[in-house]
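Thanks for coming, everyone. I'll walk you through one structure, from its sheet to its cores. Please have a look at it first.

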Amino acid sequence: MTGPGRWARELLAQRLVQPDARSCGAAALVVARAAVDEAYAELLVRGRHPGTGLAMSGSPAERFHDETLSMHRRVTGLADVAGRLQPPWPRALGTPPWSVARQLSSRAAPYVVRQAAFRRAHVLDALLPALDRGRPVALYVGDRWLPRHVVLALGTDDRGLHCYDPAAGGPRVVDREAFESGPLPFGRWTRPWFVVRPR
């Protein structure tokens, strides 16, 4: 399986549950950053950044909790990660996909939002190259009416997509058949709505 480095894997071995019912997108973004920034992952695991010496108190779960709430404030605020103006978004409504795309674009190639409710096999084929390059992909999932939850695809192998589910605080595997036509394994949220992937 392609995927995160040593410190990110150690972080993902923790139970990383989203702090509240609205912060799944922010939790996915914290994990996404840790997946591509080993120094940040080490900061969350050990409490000290190896390059800057920045220290954070608490356990890995407490640091993750604090970073997720901070991320949620940032992605719903007036300025994005690069300091550009963005439309503010009511935090009670979660994290909008365009803010997730802006945040993910800050560390790599530009990310785009694509609908995933139709032509699901095509959508899956389009996101696999990003995962093979070690780039995380956010998935908006929901019921038949609305997207309600954000999970993060981190890698792939012959079993399927390896995802971080903020509601469970840990991994889920989505096989190809489930993504293309069946229910997804995220509790009540069984349908893909959007993917946020590299352009």
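Let me start with a definition: two strands pair if DSSP finds at least two bridges between them. Strands themselves are DSSP runs of E with at least two residues, helices are runs of H or I with at least four, and both are numbered from the N terminus.

Now the ground rules. This is a predicted model: local features need pLDDT of at least 70, side-chain atom pairs count only at pLDDT 80 or more, and totals for chains, interfaces and linings use all residues. Residues are numbered from 1 along each chain as its sequence is written, and side-chain values use heavy atoms, with hydrogens and water left out.

First, the overview. The protein chain has seven helices and six strands. From the N terminus, the order reads α-α-α-α-α-β-α-β-β-β-β-α-β. The C-alpha atoms fill a box of roughly 45 × 35 × 30 Å along the principal axes. The radius of gyration, taken over C-alpha atoms, is judged against a rule of 2.2 Å times the number of residues to the power 0.38. For 199 residues, a compact globule would come out near 16 Å, and the protein chain has 16 Å, which agrees.

Next, the sheet. In what order do the six strands of the open sheet lie? The order is β1-β6-β2-β3-β4-β5, and the pairing is antiparallel. β1 (111–115) and β5 (170–174) stand at the edges with a single partner strand each, so one side of each has no neighbour in the sheet. On average, neighbouring strands are turned by 30° against each other, direction ignored. Those angles come from axes fitted as lines to C-alpha atoms, for helices over the stretch in contact, and run from 0 to 180 degrees between N-to-C directions.

Let's step through some pairs. β2 (residues 137–142) and β3 (residues 147–157) pair antiparallel over six bridges. There, Val141 stands opposite His149 in β3. β3 then joins β4 through five bridges, again antiparallel. These two strands form a hairpin with two residues between them. Thr156 has Leu161 in β4 as its bridge partner. β4 goes on to pair with β5, antiparallel over five bridges. Here Cys163 faces Arg172 in β5. This hairpin has four residues between the strands, and Gly169 takes a positive phi near 80°.

Is β4 enclosed or open? Buried means under 20% relative accessible area, exposed over 50%, partly exposed in between, with a 1.4 Å probe and protein chains only. Six of the six residues of β4 (residues 160–165) are buried, so this strand is largely enclosed by the rest of the structure. Across the protein chain, 47% of the 199 residues are buried.

Now the cores. A nonpolar core is a set of buried Ala, Val, Leu, Ile, Met, Phe, Trp, Tyr and Cys residues joined through side-chain atoms within 4.5 Å. The largest has 34 residues, and Leu104, Leu152, Tyr164 and Val196 have the most contacts inside it. α2 gives the most, with 10 residues. A second, separate core has 20 residues, including Leu127, Val174, Ala178 and Trp189.

Last, α5. Its buried residues are Pro97, Ser99, Val100, Ala101, Gln103 and Leu104. They pack against α2, α4, β1, β2 and β6 (191–198). Contact means heavy atoms within 4.5 Å. Leaving out residues up to four places away in sequence, Leu104 touches Leu29, Ala32, Tyr111, Ala138 and Val196.
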